[in-house]
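Have a look at the model first.

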Amino acid sequence: MTTVKYSLEDFTQDMESLLKSQPDNQKIFDQGSDWLERLVSNPDSIPMEFRVPLGVGPRPDHASRLLYQGESGLQVTAVVWGAGEHLGPHDHRTWGMIGILDNTLTETRYRRVDDRDVDGYAKLEKDRAASFKPGEITLLVPDTDEIHQMDNHTDRPTVEIHVYGSDLRGLQRSSYNLETGKITNFRTTKWDNC
Ligand SMILES: [Fe+2]
């Protein structure tokens, strides 16, 4: 018997038809994470050209490339974290699902514990850290559990597939300084900050 592997096209079709029913986030996560798990369990799902660092520019060891952008807002990117790469705590302002395609990525989650009454200031506390391996999924839940830090503690690139409910370009988001509490607001113009 031939096993047909689950492709990127299968995944985006399944996600788009689910989103048409205007599901709540829990339904998106329940269904979508199963599909994303199938996608990242297929090592051939993403061509090699999407799995390599850029090699040029300010972050030559990194890459973030668009795989799909739907009119619904559904966005799928392939993200490469170079050996030793680090990205500090930031939020997303949309639901998200991240699946590991190759190697390992350590994600640290934070929660805000201040009263949000001081402009430009946030106190974060570490909630948990975990290392994710190929085929594993981590979820970004808007407002409640979406601030994370990413680290590749290994000596080779890690490849992930990121799925978001909105086009990250143009979304106002925030990054956080753990030492000073300073919030920096930013808008992504490309795929280089996921
Ligand atoms: Fe992120």
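## Starting at Y164

Y164 belongs to strand β9, residues 158-164; strands here are DSSP runs of E with at least two residues, helices are runs of H or I with at least four, and both are numbered from the N terminus. Leaving out residues up to four places away in sequence, Y164 touches Q75, H92, T94 and G96, where touching means that C-beta atoms, placed from the backbone, lie within 7 Å.

A note on the basis: this is a predicted model, local features need pLDDT of at least 70, side-chain atom pairs count only at pLDDT 80 or more, and totals for chains, interfaces and linings use all residues. Residues are numbered from 1 along each chain as its sequence is written.

## The sheet around β9

β9 sits in an open five-stranded sheet, ordered β1-β2-β9-β4-β7 with antiparallel pairing; a pair needs at least two DSSP bridges. β1 (63-69) and β7 (137-140) are the edge strands, each with a single partner, so one side of each has no neighbour in the sheet. From one strand to the next, the twist averages 20 degrees.

Between β4 and β7, which run antiparallel, there are four bridges, and M97 stands opposite L139 in β7. Across β4, β7 and β9 lies α2, at about 15 degrees to β4 (axes are lines fitted to C-alpha atoms, for helices over the stretch in contact, with angles from 0 to 180 degrees between N-to-C directions).

## The core

The largest nonpolar core has 28 residues, and those with the most contacts inside it are L36, L39, V40, A78, L101, I161 and V163. Such a core is a set of buried Ala, Val, Leu, Ile, Met, Phe, Trp, Tyr and Cys residues joined through C-beta atoms within 7 Å. At least two of its residues come from each of α1 (8-20), α2 (25-40), β2 (75-81), β4 (96-102) and β9, with β2 giving the largest share, five residues.

Not counting residues up to four places away in sequence, I161 touches L36, L39, V40, I46, V76, A78, G99 and L101.

## The whole chain

Zooming out, the chain has two helices and eleven strands. Of its 194 residues, 27% count as buried. Among contacts between residues at least 6 apart in sequence, 73% join residues at least 24 apart.

Methods: Contact = placed C-beta atoms within 7 Å. Buried ≥ 20, exposed ≤ 12 C-beta atoms within 10 Å, placed from the backbone.
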